[in-house]
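Colleague: Could we go through this structure together?
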Amino acid sequence: MRRSMLFLPGNTPNIIVNGDALGADNVILDLEDAVAPDQKDAARILVRSAIKALGFKNVELTVRINSLDTPYWQADLDEIVPLRPDLIMPTKVGGAEDVLTLDACMAEVEKKSGLPAGTVKLIPLIETARGLENAYAVASASPRVAALFLGAEDLTADLHCPRTKEGAEIFYARSRMISAARAAGVDVYDTPFTDVNDDEGAVKDARFARSMGFSGKAVISPRHVRAVNEAFSPTQKEIDSAREVLAAIRQAKEQGRGAISLHGKMIDKPIVVRAEQTIAMAEAIAKGGSK
Amino acid sequence: MMKDSKVIAALKDAILRSGLKDGMRISFHHHLRNGDGVMNMVLGELAAMGYRDLTVNSSSVFDVQSPIIDHVKSGVVGRIETNYMGAKVGRFISAGGMKEPVVFRSHGGRPSAVENGVTPIDVAFVAAPTADPMGNATGKIGKSACGSLGYAEADARCAKHTIVVTDNLVPYPLEDAMIQEQWVDGVVAVDSIGDPQGIVSGTTRITRDPVGLVMARTTVDVIRASGLLRDGFSFQTGAGGASLAAAKFLKDVMLAEKIQGSYALGGVTSAIVDMLNAGCFRSIMDVQCFDLGAVASIRDNPRHVEISATRYASPTSKSCCVDSLDAAILGATEIDTDFNVNVHTDSNGFIMGGSGGHSDVAAGAKLCIIVAPLIRARLPIVTDRVTTISTPGRTVDVLVTQKGVAVNPARAALRDRLAEAGVKVVDIHDLKAAAEKLTGAPRRPARGTREVAKVVYRDETQIDSIKSVK
Amino acid sequence: MEIRRKAVAGTLESSDVLVEIEPGSGVSVELESVVMMQFGAAIENAVREVLKEFAVENASLRVVDRGALDCTIRARVETAIKRAAEGEDE
């Protein structure tokens with residue numbers, strides 16, 4: 001379950017310690033934009049130390065590393081990969097070659113630390129025009145790629161347009177990311193809503209992202225975590241239809257029927273899979289209590 | 001004195017007329033909070049007049065009143081009785097600066113003790129933002145307006161002699177007056193009774209702290225799951241950031257679900273006023289105003305009612321407002337595995353607080369929720385045994401932290417309801433263990449042997465003894 | 001590692017720790033903490049362990065703690081050591 005992905009600055013001990021208690025499904029410890037150039041070393045060591053001591057076992061853990069055009073990314077991987085975060089988020093990924101470079105480096109670090117190759121997954125951050133155009137290639141470049149992540153702030157700078165709340169300027173980018181990710185069979189996450197004081201706007205933006213087909217959404221303010229989780233949780237209507245589908249399947253099986261239809265429509269495999277995922281998510285949410 | 005005026009030109013003369021002698025008890029209220037100028041003014045005058053060994057009974061002692069330390073050292077003040085003491089004076093007391101132990105009561109226990117002759121007041125000094133020449137006084141208007149004067153009422157009514165000190169004398173009669181002329185002996189007009197900036201904050205802000213927000217949401221989930229949130233619901237919360245966030249989230253829920261509450265009680269901030277104005281409650285019962293929004297509302301809105309401390313929380317009254325309270329949100333510096341709460345001392349044992357209304361509200365509310373982060377600057381909130389018992393565990397129902405909610409074992413049905421509603425209920429011992437896993441086990445500081453303060457519960461029994469700090 | 005210069009790591013923000021390190025003779029640790037009574041010994045222990053881990057035998061440290069957890073203290077001391085040892089061949 002990865003409805004919300006919350007960014008936390010990597011050099012602020014106070015925030016890191018409470019990172020897993022803020023309700024987000026996934027926590028992103030940030031070594032990149034949230035950390036000044038002269039503190040990259042401090043953040044790297046702090047994040048490594050914190051992951052080792054605190055574990056972060058009750059959330060999914062992502063570490064955002066510095067981009068390939070900086071001197072920091074290799075040290076970031078050397079320090080962090082051995083701790084087995086769930087995901088590494090490389091920034092300004094431009095094409096498949098970037099993924100392969102990262103893949104090779106991570107494989108080496110995994111080997112040195114005795115981890116099976118491919119243990120730590122990648123969630124490339126697409127925030128340049130080139131990256132956007134190459135989204136499908138990036139998504140399918142390696143089995144390590146688990147998802148794509150859209151970063152609209154830097155992207156709009158590259159597109160030479162202002163970033164707006166309504167988001168018309170990133171409509172193409174969102175659609176392209178979603179279609180590229182789904183074609184490659186990976187998940188896809190929407191850019192964060194950046195007005196921390198506009199709670200209503202955050203809800204709207206999250207619902208829009210869901211309706212477009214995103215798997216979940218980035219969050220930069222803990223205040224918006226709940227809104228994003230709610231937007232990406234199955235509605236009661238969806239849960240009820242999913243139950244209906246699964247009941248129809250069960251019934252058909254019992255009666256030995258092959259082709260199954262519900263409300264005049266054929267139920268094929270993708271529908272069943274989606275129904276199972278919906279029920280699984282609803283159960284996970286009910287158990288975890290996060291709303 | 002003239003028949004239609006009790007005004008006395010000089011404070012000194014008012015004191016001379018009061019019959020005050022060495023060793024007697026004088027009282028103050030703390031509605032001017034950290035902007036108060038009256039206690040310092042009066043004690044300064046008493047010192048100059050040569051008084052000694054007085055008992056100062058003030059509903060609170062704030063840092064701005066730290067000159068009392070000098071008066072203790074010089075022998076003018078021999079005893080202090082209060083419901084809350086800020087860190088500055090608290091440190092002096094904890095270090096053993098006073099021969100006689102401070103006596104801490106609660107906001108409900110204090111007027112009860114005054115009324116029942118346990119702490120009879122010889123002279124009450126009542127700071128008043130506005131007063132008329134016969135002594136009718138209010139806090140609702142004036143340049144130093146502070147809103148409710150609830151804590152001053154029992155003092156003014158029961159003291160042998162009552163002196164009103166005001167910086168805004170208005171023509172007789174001041175009709176709307178908590179402090180009434182039939183109790184008042186003298187009125188002294190001064191240039192200023194205090195600093196308005198320190199009296200009330202401009203606005204109280206809901207916390208930006210993400211942990212505070214998470215706890216606030218969980219708190220509202222707990223209130224909903226308890227079954228108490230329906231028409232007629234009554235509520236009290238504090239002025240801290242997380243409390244204000246909880247009030248806001250609660251308002252959203254009440255409006256969305258069209259729940260019409262009965263009253264909000266407090267300690268009142270703008271957040272509570274917003275709830276009244278949005279129609280969540282029919283009225284506010286207000287014993288103290290924390291910000292300008294609350295002051296304006298108590299002045300202008302007849303549904304925002306000023307109440308005395310006796311009506312608010314006195315356990316010896318026939319009934320009081322806390323008795324009818326459904327849910328209350330309170331804080332803690334420490335809480336132990338028996339749910340006893342400490343709000344008097346920090347973890348090193350230094351006095352930096354006091355019950356205020358804490359123990360009264362906990363005793364009265366059907367659902368008493370303590371909201372506190374699991375750790376504060378490496379110190380676990382949950383301990384084996386609190387440094388000081390301010391509020392006994394039997395009156396505390398729920399502890400909300402960002403890592404889980406603990407329910408008093410005596411409330412098994414409540415615990416089940418919360419768990420069923422999806423609230424993350426954990427054993428309080430597990431919360432303690434989780435905290436210590438993060439912080440390491442803290443060493444307990446060694447304590448002195450001398451008693452520097454008594455914690456007297458609202459039933460007049462002493463429930464704890466605060467020792468000196470080495 | 002050899003401490004060649006003065007270096008600083010961490011901040012005075014709540015839950016963080018400021019670590020100043022400079023060359024010295026033998027190891028000396030000056031400690032200030034908001035939780036001195038409860039965790040003073042544990043903090044000093046953590047600092048000395050990290051110094052040992054990086055084979056630092058001559059250094060003078062000033063540590064100002066604002067209630068940092070053990071992992072934060074260790075991280076900041078390590079960062080300060082590495083900054084102060086920069087330029088050394090490993």
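This is a predicted model: local features need pLDDT of at least 70, side-chain atom pairs count only at pLDDT 80 or more; totals for chains, interfaces and linings use all residues.
Colleague: At what angle do the axes of H1 and H2 of chain B cross?
Modeller: Helix H1 (residues 11–18) and helix H2 (residues 38–48) of chain B cross at roughly 70 degrees, their axes coming within 10 Å. Helices (H or I, at least four residues) and strands (E, at least two) are DSSP runs numbered from the N terminus, and axes are lines fitted to C-alpha atoms, for helices over the stretch in contact, with angles from 0 to 180 degrees between N-to-C directions.
Colleague: Which residues meet there?
Modeller: B:Leu11, B:Lys12 and B:Ile15 of H1(B) meet B:Met41, B:Val42, B:Glu45 and B:Leu46 of H2(B); contact requires C-beta atoms, placed from the backbone, within 7 Å.
Colleague: How many residues does each chain give to the contact between A and B?
Modeller: Chain A gives 9 residues and chain B gives 10.
Colleague: And the sheet in chain B, what is its strand order?
Modeller: The order is E17-E16-E21, an open sheet of 3 strands with mixed pairing; pairing requires at least two DSSP bridges. E17 (341–342) and E21 (382–383) of chain B are at the edges with a single partner strand each, so one side of each has no neighbour in the sheet.
Colleague: How do E16 and E17 pair?
Modeller: E16 (residues 334–336) of chain B pairs with E17(B) in the antiparallel sense over 2 bridges, and B:Glu334 stands opposite B:Asn342.

Terms used. Residues are numbered from 1 along each chain as its sequence is written. Chains are lettered from A and ligands numbered from 1 in the order in which they are written. Two residues are in contact if their C-beta atoms, placed from the backbone, lie within 7 Å.
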